Amino acid sequence: MTDLDTTLPPALRRALELLAHPPAQPDVSKGYLDLLGTGPVEHDVMPKNTGAIQALWASAVGSMLWDRTQAVMRRLLVAWQQPTEWLNIPQGGIVLDVGCGPGNVTASLAHATGPGGLALGVDVSEPMLARAVQAQAGPQVGFMRADAQRLPLRDETVDAVVSIAVLMLIPDPVAALAEMARVLRPGGRLAVMVPTAGRAFRYSGKLLPIAGSRAFGNDELGDILEDHGFVSVRTKNVGTIQWVRGKRR
């Protein structure tokens, strides 16, 4: 627990003001705001991913592998780069990174917000968040342990949302996308990157759900976004990677 006036990091102090139900005694003992703790009843009803892939990424070894994977992929694939310019983040704006992992994307988004901006990263993995806090936390960058299927923010609180290579690990991706839409302000933009059900998944696609992951059809996520009030929805495929973008009406 913490003394709000003396030990709460600036970014997390600002994050508390955005929460729908801010805790009376916020737990930031590990450097991030833990909103799951030991598993309150309200969170236990949400579906959880217990597959092998999710277990790997949630582990200390997985967090290191993920960090290195991102670094390699950014050198090799333009498709891996987050579309910061397209997000049109206002100066001093607030950005949410859903499934932030080690936090490098979160930090880059904070830079795009300029002075006075705020970037918040959300993840369920404690090892990932520990790495994020150590490497990326700062006055404009804060991290929270929370479920993407029930984001802790109030309605219409952020200017942009990014989720990179995470949605396929979430048990109910439709619920997660609905939550991203809910917290976006009107006119706010969303960018999601996922694997698609291309040729590489022809044989492995049946095994992915068993392992705790999935691939998406070419139009699947775009249709979901339109159902949740997004306009200007665009998809871009590069091999088995797909970016889906949209603006909240």
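Here are some numbered remarks on the predicted model above.

1. **Ground rules.** Since this is a predicted model, local features need pLDDT of at least 70 and side-chain atom pairs count only at pLDDT 80 or more, while totals for chains, interfaces and linings use all residues. Numbering runs from 1 along each chain as its sequence is written, and side-chain values use heavy atoms, with hydrogens and water left out.

2. **Overall make-up.** The chain has ten helices and eight strands; these are DSSP runs numbered from the N terminus, helices being H or I with at least four residues and strands E with at least two. Of its 249 residues, 49% count as buried. Here buried means under 20% relative accessible area, exposed means over 50%, and partly exposed is in between (1.4 Å probe, protein chains only). Among contacts (heavy atoms within 4.5 Å) between residues at least 6 apart in sequence, 67% join residues at least 24 apart.

3. **Helix H8.** H8 covers residues 173-183, and its buried residues are Pro 173, Ala 176, Leu 177, Glu 179, Met 180, Ala 181 and Val 183. They pack against E2, E5, strand E6 (184-195), H10, strand E7 (230-238) and strand E8 (241-248). As a reminder, an α-helix has 3.6 residues a turn, so residues three or four places apart point the same way.

4. **Met 180 in particular.** Which residues does Met 180 contact, leaving aside its neighbours within four places in sequence? They are Val 98, Leu 151, Val 161, Ser 163, Leu 167 and Leu 190. Met 180 counts as buried because its relative accessibility is 0%.

5. Thr 157 sits in the loop between strand E4 (141-145) and strand E5 (158-164) and is buried, at 2% relative accessibility. Beyond its neighbours within four places in sequence, Thr 157 touches Leu 18, Ile 94, Val 183 and Arg 185. Arg 185 also forms a salt bridge with Asp 159, the closest N and O atoms being 2.9 Å apart. Asp 159 lies in strand E5 and Arg 185 in strand E6, so this pair ties together parts that are 26 residues apart in sequence. Asp 159 is buried at 15% relative accessible area, whereas Arg 185 is partly exposed at 30%.

6. The structure holds eight salt bridges, each a side-chain nitrogen of Lys or Arg within 4 Å of a carboxyl oxygen of Asp or Glu. Lys 30 and Glu 126 make one of them, at 2.7 Å from N to O. This pair links Lys 30, in the loop between helix H1 (10-16) and strand E1 (33-34), with Glu 126 in helix H7 (residues 126-136), 96 residues apart. Glu 126 also bridges to Arg 145, with the closest N and O atoms 3.9 Å apart; this second pair runs from helix H7 to strand E4, 19 residues apart. Glu 126 is partly exposed at 30% relative accessibility, while Arg 145 counts as buried at 12%.

7. **Helix H6 and its end.** Helix H6 (residues 104-113) has Val 105, Thr 106, Ala 107, Leu 109, Ala 110 and Thr 113 as its buried residues. His 111, also in H6, is exposed at 71% relative accessible area. The C-alpha atoms of His 111 and Gln 140, 29 residues apart along the chain, are separated by 8.4 Å. Just after H6, Gly 114 takes a positive phi of about 75°.

8. **Positive phi outside glycine.** Two residues are worth a look here. Asn 88 has a phi near 55°; Asn 88 belongs to the loop between helix H5 (84-87) and strand E2 (94-98) and is exposed at 54% relative accessibility. Ala 165 also has a phi near 55°, but Ala 165 lies in the loop between E5 and H8 and is buried at 7%.
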